[in-house]
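Please open the model in a viewer and keep the sequence panel beside it.

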Amino acid sequence: MSSNDNLTTNERVQASAGGYPGLPVAVDPRAEVAARSDAADRAADSAAGRVPLTRRSWFIIGGGALVPAIVLVVWQLVTTLELVPVSQLPSPVMVWDAAIDLIQRGQLGQYTAISTQRVLIGFSIGAVLGLLFGAVVGLSRLGDILLAPSLGAIRAVPSLAWVPLLIIWLKYGEESKITLIAIGAFFPVYTTVSAALRHVDRQLVEAGRAFGLNGARLFTTVQLPAVLPSVVSGLRLALAQAWLFLVAAELLGASMGLGFLLSDSQNNGRLDRIFLAIVLLALLGKLTDSLVGLFERWVNKRWS
Amino acid sequence: MPASVTQCFGSVGTCASASVPLVYPLRSILLRKFRMPPHSAAPVLPGSASAASGSTDAAYSVEFASVGRSFPSERGASRTVLRDVSITVKPGEVLAILGTSGCGKSTLLRIAGGLDSASAGRVLIDGSPVVGFDSRTAVGFQEPRLLPWRSITENVALGLPRGTSKSDGAARVARLIDLVGLGDFAGHRPREISGGMAQRASLARALARNPGVLLLDEPFGALDALTRLKMQDLLLDVHAAAPTTVLLVTHDVDEALQLADRIILLGRQSGVDGSTIAQEVVVPGARPRDRGSAELAELRGRLLDGLGIDRHGQARGVESTTAIPHFPY
């Protein structure tokens with residue numbers, strides 16, 4: 001700290017001695033202040049040989065894959081040693097064969113695609129509505145008074161409670177499933193956005209108003225950027241929620257999709273396919289979450 | 001002390017013209033470029049505000065007429081912060097508002113900018129009442145209040161009046177950033193610069209608005225002592241280049257004496273709720289003023305006394321010799 005202080009003084013002396021022609025006396029750019037954050041990054045880069053193990057990408061990826069690999073090995077051992085009968089626990093090879101079989105029948109691709117499509121459409125609808133309602137409740141006191149209690153009550157309804165109603169109203173088509181997924185995606189977005197908007201720095205908002213911003217311009221210039229990081233973390237939660245609600249919807253009334261694969265395989269006793277569906281849901285959920293996670297990192301870097 | 005200044009204390013009314021020098025030496029080429037008077041023979045730079053947005057460089061008068069403000073408090077009672085503040089600030093004048101903390105000086109400033117509204121009386125700018133977030137004013141807040149996700153340039157550009165064309169706005173912003181000495185940091189984010197630099201950016205943002213009335217709410221209060229002095233000089237340069245009306249709230253008596261044409265001291269009478277103007281002081285001498293002036297030292301002592309600070313002068317047997325008359329004149 002003290003070395004920094006010395007640096008400051010030195011640079012000030014240089015600055016005033018060297019003189020900044022045309023600039024008023026008040027000028028003393030403190031280059032080291034701005035450089036400080038960059039310097040930290042550079043230090044990390046230049047000393048690549050001394051990057052701690054937990055910061056190296058091969059270690060991060062390998063470490064993340066370690067537990068799944070161990071699980072796979074143990075799973076294979078348990079089944080080859082027949083510690084558990086294969087009727088209760090199919091071997092990894094059987095699950096793989098089931099996957100090949102379903103691919104050859106053209107079903108696996110179709111099921112995965114239809115499930116992903118439902119999640120993406122339902123998630124988009126739910127997220128957009130969540131943003132809208134979150135904005136109304138978070139920005140307007142009247143909106144808060146009128147809407148917040150009702151939405152809070154609807155949020156308290158367990159997801160499965162909607163299924164019978166949606167099936168009667170919207171039949172077994174796509175609408176009922178997408179609606180259920182949209183309900184699932186709506187609430188994480190709504191909750192985070194409305195809460196974040198209520199807590200936007202009042203001083204910044206006042207400064208925005210003082211410089212002539214209001215209405216939509218104030219929202220896009222000050223409030224929306226201020227809550228973007230929260231919005232993205234809400235979206236990430238909503239996406240996870242969308243996959244949960246997808247399975248709920250497909251388990252209880254579908255003729256296609258990974259949830260249908262689960263319920264159909266339960267009826268036929270095909271444990272290998274049940275395992276396959278579970279593994280696929282895990283992979284798809286993690287993949288989409290990682291994509292939003294990358295976006296979240298970018299947003300946090302850019303907007304905070 | 002020049003005789004004219006001494007005489008001037010005889011009456012506040014006649015004094016003001018002498019105490020508001022309208023012509024300042026322009027202290028640098030850059031400042032001269034920054035803004036020329038409209039009638040100037042010099043070519044108008046592309047991007048100068050008067051050419052760009054049609055807004056004039058006019059400084060407006062500010063008139064407080066019996067302004068009072070009370071806030072509702074618990075149990076239905078109300079707490080009066082200001083009462084019966086009446087003062088007229090002439091165009092181009094720098095008025096410092098002094099007072100102890102909590103005396104309502106910021107409230108008075110916020111009322112002038114339309115950030116708050118008076119519960120009694122009214123404020124006129126250029127003869128017409130202040131509206132909410134009045135566009136004729138620009139506020140320099142106590143904190144920088146910069147948008148953290150925008151660069152310094154983008155933050156300063158936020159202050160530009162609506163309808164400024166893109167190229168004119170960019171030129172003007174670049175010039176203001178140079179003026180406050182942040183040229184090398186234009187692309188940085190607020191968190192990457194020091195507090196003093198952020199406060200300068202905040203001042204540049206207020207100036208970008210080309211305001212008829214510049215409202216400064218303890219703008220240098222959070223800065224270290226040396227940076228504060230430099231910022232005061234910067235403000236003087238800016239005011240010299242573009243003599244807008246400035247209302248400056250401060251608790252720093254020296255700052256007020258250094259910058260202002262006139263100082264009002266807000267205070268509370270015992271037994272009465274709410275502050276009002278307890279003293280009004282016309283500061284002698286043209287700016288920039290000698291920071292070591294004995295005359296200012298006398299005024300400082302008097303103002304500190306008004307703020308409830310013991311000046312310890314008489315106690316040490318120092319005799320007060322001054323020609324400055326006491327308020328009310």
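**Helices 3 and 4 of chain A**

Begin by selecting Leu72(A), Trp75(A), Gln76(A) and Thr79(A) in helix 3 of chain A, which meet Pro92(A), Val93(A) and Val95(A) in helix 4 of chain A. Contact here means heavy atoms within 4.5 Å; helices (H or I, at least four residues) and strands (E, at least two) are DSSP runs, numbered from the N terminus. The model is predicted: local features need pLDDT of at least 70, side-chain atom pairs count only at pLDDT 80 or more, and totals for chains, interfaces and linings use all residues. Residues are numbered from 1 along each chain as its sequence is written, chains are lettered from A and ligands numbered from 1 in the order in which they are written, and side-chain values use heavy atoms, with hydrogens and water left out.

Now show the whole of helix 3 (residues 57–80) and helix 4 (residues 92–104) of chain A: their axes are 8 Å apart and the packing angle is about 105°. Helix 3 of chain A is therefore roughly perpendicular to helix 4 of chain A. Axes are lines fitted to C-alpha atoms, for helices over the stretch in contact, and angles run from 0 to 180 degrees between N-to-C directions. Angles under 35 degrees count as roughly parallel, over 145 as roughly antiparallel, 65 to 115 as roughly perpendicular and the rest as oblique. The contact of helix 3 with helix 4 of chain A comprises five nonpolar, two polar and no charged residues. In this classification Ala, Val, Leu, Ile, Met, Phe, Trp, Tyr, Cys and Pro count as nonpolar, Asp, Glu, Lys and Arg as charged, and the others, Gly among them, as polar.

Next select Glu82(A), in the loop between helix 3 and helix 4 of chain A. Phi of Glu82(A) is near 50°, a positive value in a residue other than glycine.

**Helices 6 and 8 of chain A**

Move to helix 6 (residues 141–155) of chain A, which packs with helix 8 of chain A at an angle of about 145°, the axes being 11 Å apart. Their crossing is left-handed, the term used if the near helix is turned anticlockwise from the far one by less than a right angle, with right-handed used if clockwise. On helix 6 of chain A, select Asp144(A), Ala148(A), Leu151(A), Ile154(A) and Arg155(A); on helix 8 of chain A, their partners are Phe186(A), Phe187(A), Tyr190(A), Thr191(A) and Arg198(A). This contact between helix 6 and helix 8 of chain A has six nonpolar, one polar and three charged residues.

**A cavity in chain A**

Which residues line the second largest cavity? Select Val163(A), Leu166(A), Ile167(A), Ser176(A), Lys177(A), Leu180(A), Ala249(A) and Gly253(A). On a 1 Å grid over the protein atoms alone, a cavity is a set of points where a 1.4 Å probe fits but cannot get out, and a pocket is an open set with protein on both sides within 12 Å along at least five of seven lines; lining residues have an atom within 4 Å of a point. The second largest cavity holds about 60 Å³ of space, a volume being the space filled by probe spheres set on the points, which are joined across faces, edges and corners. Helix 7 (159–170) and helix 8 (174–198) of chain A each supply at least two residues of this lining.

**The largest pocket**

Turn to Leu158(B), Leu160(B), Pro161(B), Arg162(B) and Thr164(B), which lie nearest the centre of the largest pocket among its 33 lining residues. Its volume is about 800 Å³. Helix 7 of chain B gives the most to the lining, with four residues.

Select helix 8 (residues 195–208) and helix 9 (residues 225–241) of chain B, whose axes come within 11 Å and cross at roughly 15°. These two helices of chain B are therefore roughly parallel to each other.

Then select Tyr60(B), in the loop between helix 4 (49–53) and strand 1 (62–72) of chain B. The C-alpha atoms of Tyr60(B) and Val89(B) are separated by 8.7 Å.

Finish at the cis peptide bond joining Arg287(B) and Pro288(B), with omega about -5°. Pro288(B) lies in the loop between strand 10 (276–282) and helix 11 (294–306) of chain B.
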